[in-house]
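Please look over the sequence and the model shown below.

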Amino acid sequence: MAEKMLNDGADIIDIGGQSTRPGSELISANEEIERVVPAIQAISKKFPKAFISIDTFYAKVAIAAVGAGATIVNDISAGSMDNKMIETVAELKVPYVLMHMKGTPQTMQQNAVYENVTRDVLDFFIAKTHELKEAGIVDIIIDPGFGFAKTINQNLELLKNLSVFKMLDKTIMLGISRKSTIYKTLGVSADDALNGTSVLNTIGLMNGASILRVHDVKEAKEAVKLFSATYK
């Protein structure tokens, strides 16, 4: 799978050892390490120039993954599920993907309550990026967390207002690929959500996203190429 993604033009391979879908089962850091480290080592050995991201909220996993060859830490919890994560990333001196979520994957859909979702997420990023800078994390990528403690309407509102986050002067990552916002809105299955994914990825690019986290690399690269040709 990693080889196909790289051949299709992926710039980063994101490796995760557990599901973070709503209601997913939580596994331990040790079990996660057993799952991700061999994969990272194998990809690093076969594709030494590939950038590898570790998708984890455990500091212990981040350390093991970077030691195995990962160069980015992607934390859905923004350090809230492991109080050692932020200081660990600062010590590792790697880029950090800061995602917005309320609660945990097990509870987040009960927390999709906002006074104003765009403003609330922006306020979170303003406070959190300051905290990360104070801790010594230099390279921060922000991810609004589509589908994480957000309803379909809240996801679409965030996407429509994505350009607001450009004021933070940070790289914006969009992770909406094949999510329920797409297939439930269209009345199709996740398997039939590729076209909808391309549409929302394009809207995201137009509104300031510069990293797309996707399942379908070839189609995403085509969207980026056409967007870049149009707005060069």
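A polar contact of 2.6 Å joins the side chains of Gln-18 and Glu-32. A polar contact here is a pair of N or O atoms within 3.5 Å; within protein, one must be able to donate a hydrogen and the other to accept it, and residues adjacent in sequence count only if both atoms are side-chain atoms. The model is predicted, so local features need pLDDT of at least 70 and side-chain atom pairs count only at pLDDT 80 or more, while totals for chains, interfaces and linings use all residues. Residues are numbered from 1 along each chain as its sequence is written, and side-chain values use heavy atoms, with hydrogens and water left out.

Gln-18 sits in the loop between strand E1 (12-16) and helix H2 (29-46); helices (H or I, at least four residues) and strands (E, at least two) are DSSP runs, numbered from the N terminus. A polar atom of the Gln-18 side chain also lies 3.1 Å from the backbone nitrogen of Ile-27. Is Gln-18 buried or exposed? Gln-18 counts as buried because its relative accessibility is 14%, where buried means under 20% relative accessible area, exposed over 50% and partly exposed in between (1.4 Å probe, protein chains only). Leaving aside residues up to four places away in sequence, Gln-18 touches Glu-25, Leu-26, Ile-27, Glu-32, Arg-35, Phe-57 and Tyr-58, a contact being heavy atoms within 4.5 Å.

Gln-18 and Glu-32 are also among the residues that line the largest cavity, together with Thr-20, Asp-55, Thr-56 and Phe-57. On a 1 Å grid over the protein atoms alone, a cavity is a set of points where a 1.4 Å probe fits but cannot get out, and lining residues have an atom within 4 Å of a point. The volume of this cavity is about 30 Å³, a volume being the space filled by probe spheres set on the points, which are joined across faces, edges and corners.

Helix H3 (residues 59-68) has Ala-59, Val-61, Ala-62, Ala-65, Val-66 and Ala-68 as its buried residues. Their cover includes H2, strand E2 (51-55), strand E3 (72-75) and helix H4 (85-92). After H3 comes Gly-69, with a positive phi near 135°.

Over the protein chain, the secondary structure comes to 9 helices and 7 strands. Of its 232 residues, 46% count as buried. The C-alpha atoms fill a box of roughly 40 × 40 × 35 Å, taken along the principal axes.

Note on methods: 1 Å grid on protein atoms, 1.4 Å probe; cavity = no way out; pocket = protein on both sides within 12 Å on 5 of 7 lines; lining within 4 Å.
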